[in-house]
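Reader: Could you take one loop of this model and look closely at its backbone and surroundings? I would like a careful, connected account, with any cut-offs stated.

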Amino acid sequence: MEIEVAKRLQRTEEYYFSKKLREIDEMNRNGAQVINLGIGSPDLPPHPEVIKTLQEQAALPTTHGYQSYKGAPALRTAMADWYRRYYRVNLNPDTQILPLIGSKEGIVHICMTYLQEGDYALIPNPGYPAYSSAVTITGATPLTYDLKLENNWVPDFDQLEQMDLSKVKLMWINYPHMPTGALANRDFFEKIIAFGKKHEILICHDNPYSFILNDSPQSIMEVPGALDVAIELNSLSKSSNMAGWRIGMLIADEKRIGQIMRFKSNMDSGMFLPMQLAAATALSLDKSWYTELNEEYRKRRNKVFEIMNLLNCSYDENQVGLFVWAKIPAGYENSYQLCDNILYNAHVFITPGGIFGSEGEQYIRISLCAKIEVYELAIERIKKSL
């Protein structure tokens, strides 16, 4: 007997990494020992005090029950304090912050709360594939806007104004940008807030990379009036090395928090309390934590630059975030061809930029989530394969 999947999934393909990792697993079973430089899963541990808090709280007999859908007050207070110290944004922890089981779930929650069939949502090209997938699952239609190198990978407002925006309810943006590593400045955030207000479009800013190789973290919420038209997602996955813990946050005005809670509360329950309290510890760390983390990422980025040089790729040395984005040389049809060539001949997996949209087809992306020795081994393998 075969049960047909719902329409919402018939337009949604399996995630590229899910398919490719199965292929890599098969190669490894045959002895390939593939080096995976494709996925941005931090390999470094959280701060020892974070682990200590988790252990101490988990050992208590009173911390194992169901938790509030809104998150523990201690966690929301820590999130508000983190925003005040690092982003210069004052938030009410009781009404403007919603802890999430990872910020990726927030993408789906926002789309499911506000979108339905007949609606449109603006999606960056190139951009994180989860934006398009989440929009599609709701029955709404993704409408891409192009990001280009010559415009520093920020939207062209003239192009946006020429689009039919009459059915657009929501727009996804993401700075520091993944996959390109581009930064946006205050002027851009002011313009995008004005654009959202003008066209009555909800601006959704996905902001998980702001601390990585970036000494001046920014939030869209720094712009006066941003709460009127914007939502921001943030995460401890990259900045605190807590990807597997699945702890994120959603910043919005009280009304939108309530609307999104109507969906979220039907999907899950609150997070394990010891994890919430450990996350609060992570958020209370001083700037030295981020400084030391970025010292390691700079060393790794230099090694990735060596790989890009071997492949004759061009790149911006000032890009930030957890990856290096580079344009492939002439001679390759697209990024998939180069990446498959390196995978099959050097047994090194790197990400083709084409999975992020048509504007990424001539680019590749390499993660900074591997130890220096791993990059050195990858360099040797690639040298031998060329």
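**A loop residue and its surroundings**

Author: Asparagine 312 is located in the loop that runs between α11 (287–310) and β9 (314–315), where helices (H or I, at least four residues) and strands (E, at least two) are DSSP runs numbered from the N terminus. The model is predicted, so local features need pLDDT of at least 70 and side-chain atom pairs count only at pLDDT 80 or more, while totals for chains, interfaces and linings use all residues. Residues are numbered from 1 along each chain as its sequence is written, and side-chain values use heavy atoms, with hydrogens and water left out.

Although asparagine 312 is not a glycine, its phi is positive, at about 60°; most residues other than glycine have a negative phi. Asparagine 312 is exposed, with a relative accessible area of 57%, whereas cysteine 313 is buried at 7% (buried means under 20% relative accessible area, exposed over 50%, partly exposed in between, with a 1.4 Å probe and protein chains only).

The structure holds zero disulfides, a disulfide being a pair of cysteine sulfur atoms within 2.5 Å. For cysteine 313, the closest cysteine sulfur is that of cysteine 339, and because the two sulfurs are 8.7 Å apart, they are too far for a bond. Cysteine 369 is likewise in no disulfide, with the sulfur of cysteine 339 as its nearest, 17 Å away, and cysteine 369 counts as buried at 12% relative accessibility.

A positive phi, near 60°, is also found at asparagine 152, which sits in the loop between β4 (141–146) and α7 (157–162) and counts as exposed at 56% relative accessibility.
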